[in-house]
Amino acid sequence: MTETASPTPEIIATLRANLADVQAKIAQAAKDAERDAADVNLIAVSKVQPAERIQAALLAGHRVFGENRIQEAEGRWSQHREQYSDLTLHLIGPLQTNKARNAITLFDVIHTLDRPRLASTLARLFDEMGRQLPCYIEVNTGSEPQKAGVLPQDADAFIKACREEYQLPVIGLMCIPPADDVPAPHFAFLADIAKRNGLEKLSMGMSADYAQAVALGATDVRVGSAIFGERVYT
Ligand SMILES: *Cc1c(COP(=O)(O)O)cnc(C)c1O
């Protein structure tokens with residue numbers, strides 16, 4: 001390994017403790033909701049985090065990670081990929097069509113399918129590359145103008161088009177509630193759209209609200225700062 005990130009024992013211990021704490025809260029929330037905690041996948045969101053913290057999470061045994069920028073993810077994960085054959089990498093940030101090929105090469109799951117042009121590009125590339133990635137459709141549950149995601153009123157038709165017209169392996173829905181809103185109604189709303197479309201997976205819940213998301217049916221929570229510490233943007 002050429003990467004210089006050698007985490008100290010303290011950092012490894014911190015990551016181990018944070019992961020255990022989040023897992024325990026997921027387990028409690030699942031139990032309270034009479035769900036099986038094994039049905040909830042913890043995606044450790046490593047964007048912007050220093051390499052040593054990511055290395056520490058790997059050493060602590062975690063294997064499921066989320067990134068939101070392709071270039072950043074390529075830089076750090078291509079190498080870990082060689083060392084850890086059991087990694088699962090989730091793309092949780094917006095995907096531009098001209099980056100789709102790189103995304104399909106690096107990632108295992110896409111959470112941000114949100115428009116016909118991207119659906120058509122993915123369909124073509126999945127065929128061409130002989131690699132089908134399970135996809136979540138992102139729903140803009142707060143109908144925020146600046147935010148990615150299909151609008152709620154267009155969700156049913158888009159889900160149908162992705163399945164029938166583009167033949168994509170759509171497995172669930174994803175949302176990022178508006179920052180200033182109480183998240184629970186958005187989670188319930190997303191669960192409702194998924195249910196009426198026969199979709200089983202729900203990617204929802206971040207550091208501040210993953211327990212609530214689990215209570216409302218999340219199968220994938222995307223947790224960054226509660227595991228790695230605050231992100232420092234430089
Ligand atoms: C950054 C990010 C997260 C994790 O956020 P935290 O609040 O640090 O847990 C989850 N989902 C998406 C889409 C993100 O971009």
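View 1. Val 48 is partly exposed, with a relative accessible area of 26%; here buried means under 20% relative accessible area, exposed over 50%, and partly exposed in between (1.4 Å probe, protein chains only). What you see is a predicted model, in which local features need pLDDT of at least 70 and side-chain atom pairs count only at pLDDT 80 or more, while totals for chains, interfaces and linings use all residues. Residues are numbered from 1 along each chain as its sequence is written, and side-chain values use heavy atoms, with hydrogens and water left out. Val 48 is found in the loop between β1 and α2; helices (H or I, at least four residues) and strands (E, at least two) are DSSP runs, numbered from the N terminus. Its phi is positive, about 65°, although Val 48 is not a glycine. Most residues other than glycine have a negative phi.

**View 2. Lys 47 and the residues it meets.** Lys 47 lies in the loop between β1 (41-45) and α2 (51-59). With a relative accessible area of 16%, Lys 47 is buried. Leaving aside neighbours within four places in sequence, Lys 47 is in contact with Gly 66, Glu 67, Asn 68, Glu 72, Arg 76, Arg 231 and Tyr 233; contact means heavy atoms within 4.5 Å. For a sense of scale, Lys 47 and Cys 175 are 128 residues apart in sequence and 18 Å apart in space, C-alpha to C-alpha.

**View 3. Arg 231, in the segment after α9.** Arg 231 is found in the segment after α9 and is partly exposed, at a relative accessible area of 26%. Not counting residues up to four places away in sequence, Arg 231 touches Lys 47, Val 48, Gln 49, Gly 224 and Ser 225. Between the C-alpha atoms of Arg 231 and Gln 96 there are 24 Å in space, with 135 residues separating the two in sequence.

**View 4. The two largest pockets.** On a 1 Å grid over the protein atoms alone, a pocket is an open set of points where a 1.4 Å probe fits, with protein on both sides within 12 Å along at least five of seven lines, and lining residues have an atom within 4 Å of a point. Of the 22 residues lining the largest pocket, Lys 47, Asn 68, Ile 92, Ile 176 and Met 206 lie nearest its centre. The lining of the largest pocket has nine nonpolar, seven polar and six charged residues; Ala, Val, Leu, Ile, Met, Phe, Trp, Tyr, Cys and Pro count as nonpolar, Asp, Glu, Lys and Arg as charged, and the others, Gly among them, as polar. Residues lining the second largest pocket include Glu 144, Lys 147, Ile 176, Asp 181 and Met 206.

View 5. At 1.5 Å a residue, the 24 residues of α1 (residues 9-32) should span 34 Å, and its end C-alpha atoms are 34 Å apart, which agrees; the expected span is 1.5 Å times one less than the number of residues. The buried residues of α1 are Ile 12, Leu 15, Leu 19, Val 22, Ile 26, Ala 29 and Ala 30. Their cover includes β1, α2, α8 (210-215), β8 (220-223) and α9 (225-228). Glu 34, in the loop between α1 and β1, has a positive phi near 55° and counts as exposed at 77% relative accessibility.

**View 6. Helix α6 and what covers it.** The 14 residues of α6 (residues 152-165) should span 20 Å at 1.5 Å a residue, in agreement with the 20 Å between its end C-alpha atoms. Pro 152, Ala 155, Phe 158, Ile 159, Ala 161 and Cys 162 are buried in α6. Among the elements covering them are β4 (109-113), α5 (116-129) and α7 (184-196). After α6 comes Gln 167, with a positive phi near 55°.

**View 7. Leu 122 in the largest nonpolar core.** Of the 68 residues in this core, Leu 113, Leu 122, Leu 168 and Leu 173 touch the most other members. The largest share of the core, seven residues, comes from α1. A nonpolar core is a set of buried Ala, Val, Leu, Ile, Met, Phe, Trp, Tyr and Cys residues joined through side-chain atoms within 4.5 Å. Beyond residues up to four places away in sequence, Leu 122 touches Leu 95, Ala 100, Ile 104, Ile 110, Leu 113, Cys 135 and Leu 168.
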